[in-house]
Amino acid sequence: MDKRRKQYDNTSISALKGPDRVRLRPGVIFGSDGIDGCSHAMFEILSNSIDEHRAGFGMEITTIRHSDNSITVKDKGRGIPLDFNPVENRYNYELIFEELYAGGKYSNEDYEYSLGLNGLGSCATQYASEYMDVKVQRDDFLYELHFEKGFNIGGLKKTPVKSKQTFTEITFKPDIEVFTDINIPLEYYQDTIKKQAIVNKGLRFILIDEESDQRFEYLYPNGIMDFLEEIAGDDEMMTPVLYELETKGRDRADKPEYKLKAEVAFAFTKATSLIEYYHNSSFLEHGGSPDKAVKAAFVHAVDSQIKYLNKYNKNEKKVSFIDIQESLVIVINSFSTQTSYENQTKKAVNNKFIQEALTDFIKERLKIFFIENKEVTEKAINQILINKRSRENAEQTRQAIKGKLSGNVDATNRIKKFVDCRSKDIEKRELYIVEGDSALGACKMARDAEFQAIIPIRGKILNCLKADLNKVFGSEIIVDIVKVLGTGIEVESKYAKDLSKFDIDNLRWSKVIICTDADVDGFQIRTLLLTLFYTLTPTLIEQGKIFIAESPLYEIETKSKSYFAYNDHEKNAIVGRMKQDYKVHRSKGLGENDPDMLWKTTMCPETRRLVKVTPTDEESTRETFEVLLGDDAKNRKEFIEEFGMLYMDQIDEQ
């Protein structure tokens, strides 16, 4: 054994002490040492002020986001008791700000439905701060404390005051030595404080942002009912309803009984969806018990109602929660005197009794609601069945599309009339998409077979912007083009997210070149191909992989040589230089050109003209495609009336 190694014996065990318990392991308390953990430290201080309101004291909380990343939270509650505690024989400020698992909420009935019951928040945040200043006014005194990096500096300062006003004000700066990032975004403050206003009816929150010099105010006099009406708006099928539960129970026979209160507010909508859970005012990002209760209760109640109304088709599958969720806004605001949180970050609760009580309560209330509100019930059930059948149809489409697009392009999976090239070097390989069989034949003879491949368009290509996925992928040529590309597709679908498995690294070509005749039909095909790429593989356009091969509009022929012009300006310039007899021929279609001419003008890398297709910006590109090829015929007509004359000369030339 290497004697230089440190011995592992009874002296090897050590314990973190004081502030180091948090400063060296912030993730244990706050969930992470990054911005999420830092944000949660702020929420711990805010939670204490909210708990004071829940105990019946203070109707306003002010939060200040200072420019230097420090934070102030001030409430108008009773003020934290900081003076000497004869029971504990210590100052209360030591217990609250310097001792983990200490506080006034363990056995105090004022705080039975409290956000913070673990006695960790104030102390842990103080330990994780560069500094913390505490001001409390109560009992005719102003109490002041100052902490630096977890340690109190100067003890408790106590000054008599004549004002009877009470408050607690805490200013602290999260320590960059503890957290990797302390610049909590304004959006976090806005979202967090708004959520707390929603579930604490009548509590006014003021947010001041020094950086932007903005002031925000949040107040929901009727709590979650106000919020539901705000979310549902004109999309609701009904006025939101609110049900209140108050009961007692236990998670296990040998566990103590505890109280549970809950507000359940919901409404059925045509399309709006929102599900949010709060427990003891804490937003449950991951749900837990309330989420399981809602899913079980709504599926049971809705399924029973569909059966009662005889709305299922023969052999139709049972409704699932995803179908209900699409037309449901629901907020549950629950409170319990015993709570099993997932961890200190309080993003889920796992109490068995809470789940069971809420499930039974919601089932029973829905049963009564369906009986008493037959017209709304009929509308809601019909909409839920529409959601269900749309999802199932989309799933069938997804499976069909995946089947069509799967597999490699090889001898066992041939693509009709596709002509590959010999090179396997992606950096060299080019794919020409040409117009019809005659162009295929001409380009096949003209190309360099080492690196140029060709696929012809057979028949009219669909407008992918207007057609649904079933029609799009019912088109053999579209499926073939996507297969030849090799990337997969980019499709936004709430039912078929895994359909969008686009991977630019799987592109089999350095260039994808659209090669059509220089006439109206050719321009239309070119536009429809660009629409295909914009709709199904927009990244190819963004990455500069799509090109247009310009074919000459005129051939100016002399006895010794032929010249090619790609527009009228070039033709006039060439003719103006001529000092011999010449003939001007209007360009033929690609299929009628001889191989040498086609190679020189359209396919030879040294002499051809390629135009790279690049979007200006996402918004203007989208608007252009929507105007020219979307469903809004009225907008398109107005566009043509305003700008059509700019292109009339081009139409006349054809």
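I began with strand S23 (residues 554–557), which four bridges join to S24, the two running antiparallel. This is a predicted model, in which local features need pLDDT of at least 70 and side-chain atom pairs count only at pLDDT 80 or more, while totals for chains, interfaces and linings use all residues. Residues are numbered from 1 along each chain as its sequence is written, and side-chain values use heavy atoms, with hydrogens and water left out.

My terms: helices (H or I, at least four residues) and strands (E, at least two) are DSSP runs, numbered from the N terminus. Two strands pair if DSSP finds at least two bridges between them.

**Entry: the S23 sheet**

I looked across from Glu 557 and found Ser 562 of S24 opposite. The open sheet here has three strands in the order S24-S23-S25, with antiparallel pairing. Strand S24 (562–565) and strand S25 (583–586) are the edges; each has a single partner strand, so one side of each lacks a neighbour in the sheet. The twist averages 25 degrees from one strand to the next. Helix H17 (residues 568–577) packs on this sheet and touches S23, S24 and S25, its direction making about 150 degrees with that of S24. Contact means heavy atoms within 4.5 Å; axes are lines fitted to C-alpha atoms, for helices over the stretch in contact, and angles run from 0 to 180 degrees between N-to-C directions.

**Entry: the five-strand sheet**

Next I traced an open sheet of five strands, order S12-S13-S17-S14-S15, with mixed pairing. Strand S12 (241–249) and strand S15 (282–283) are its edge strands, each pairing on one side only. S15 pairs with strand S14 (residues 274–279) in the antiparallel sense over two bridges, and His 279 stands opposite Ser 282 in S15. Helix H7 (residues 224–232) packs on the sheet, touching S12, S13, S14 and strand S17 (328–336), at about 160 degrees to the direction of S17. Helix H8 (residues 289–308) packs on it too, touching S13, S14 and S17, at about 135 degrees to S17.

**Entry: the cavity**

I then checked for cavities (sets of points on a 1 Å grid over the protein atoms alone where a 1.4 Å probe fits but cannot get out; lining residues have an atom within 4 Å of a point). The count comes to one cavity of 30 Å³ or more. Its lining includes Tyr 243, Val 264, Phe 298 and Arg 365. Strand S13 (258–268) and helix H10 (352–372) each supply at least two lining residues, and H10 gives the most, with four.

How values were computed
On a 1 Å grid over the protein atoms alone, a cavity is a set of points where a 1.4 Å probe fits but cannot get out, and a pocket is an open set with protein on both sides within 12 Å along at least five of seven lines; lining residues have an atom within 4 Å of a point. Grid points are joined across faces, edges and corners, and a volume is the space filled by probe spheres set on the points.
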